[in-house]
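Dear colleague,

Please find below the structure for your review. A summary of the findings follows it.

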Amino acid sequence: MADMQRVLVLNGPNLGRLGRRQPEIYGTTTHEQLAELCTQWGSELGLLVETRQTNHEGVMLDWLNEAADDATPVVLNAAAWTHYSWAIFDACAQLVAPLVEVHISDPKQRPEEFRHTSVVTPYAAAVIAGQGIDGYRQALEILARS
Ligand code: DQA
């Protein structure tokens with residue numbers, strides 16, 4: 001049997017508090033539970049998923065650079081960095097395997113105008129927003145098919 005395709009699920013700032021962070025917007029699933037779900041969904045799709053979260057932009061850049069070096073597909077929820085980080089934009093530009101952008105809420109439907117732009121979208125094969133935690137499953141499905 002061929003080796004399972006590796007996928008990185010990378011979550012940015014404040015997503016470590018999932019489940020406790022504004023549950024009316026982001027739901028009650030914790031980051032630990034999300035990571036378990038992604039592993040499970042991945043294995044059903046034949047993907048070896050590793051889920052990581054950081055509040056530190058440099059750490060996220062290192063992970064994206066690692067994905068570029070290893071040609072690893074990425075599911076990225078860059079959280080607030082999505083809206084202003086040119087360093088994340090430059091890191092996404094270097095990826096060679098497919099990138100899927102995920103947001104738990106739908107930033108474009110939210111009142112704060114700063115959420116209406118994304119530096120990730122220009123490099124994303126697909127954008128999934130407003131689907132809650134299930135958006136991560138949908139993103140993995142897209143990667144499994146690509
Ligand atoms: C988010 C939406 C962003 O606007 C916000 O800054 C986040 C989370 C989402 O998953 O809905 O931190 O990316």
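In the classification used here, Ala, Val, Leu, Ile, Met, Phe, Trp, Tyr, Cys and Pro count as nonpolar, Asp, Glu, Lys and Arg as charged, and the others, Gly among them, as polar. By these classes, the shell around the ligand consists of 4 nonpolar, 4 polar and 2 charged residues. Please note that the model is predicted.

The ligand sits in the largest pocket. Around the ligand are Arg21, Tyr26, Asn77, Ala79, Ala80, His83, His103, Ile104, Ser105 and Arg115. On its own, the ligand has 320 Å² of accessible area, of which the protein covers 99%.

Aromatic pairs

Across the whole structure, the search returned 2 aromatic pairs. One of them, formed by Trp86 and Phe89, is edge-to-face, with 5.5 Å centre to centre and 85° between the planes. Both Trp86 and Phe89 belong to helix 4 (residues 86-93), where they are 3 residues apart, about one turn of the helix.

Yours sincerely

Conventions: Residues numbered from 1 in each chain as written. Predicted model: local features only at pLDDT ≥ 70, side-chain atom pairs only at ≥ 80, totals over all residues. Heavy atoms only, no water. Near = heavy atom within 4 Å. Areas by Shrake-Rupley, 256 points an atom, 1.4 Å probe, with all protein chains shown as cover. 1 Å grid on protein atoms, 1.4 Å probe; cavity = no way out; pocket = protein on both sides within 12 Å on 5 of 7 lines; lining within 4 Å. Sits in = over half its atoms within 2 Å of the grid points. Phe/Tyr/Trp six-rings, centres within 6.5 Å; stacked < 30°, edge-to-face > 60°. Helix = DSSP H or I, 4+ residues; strand = E, 2+ residues; numbered from the N terminus.
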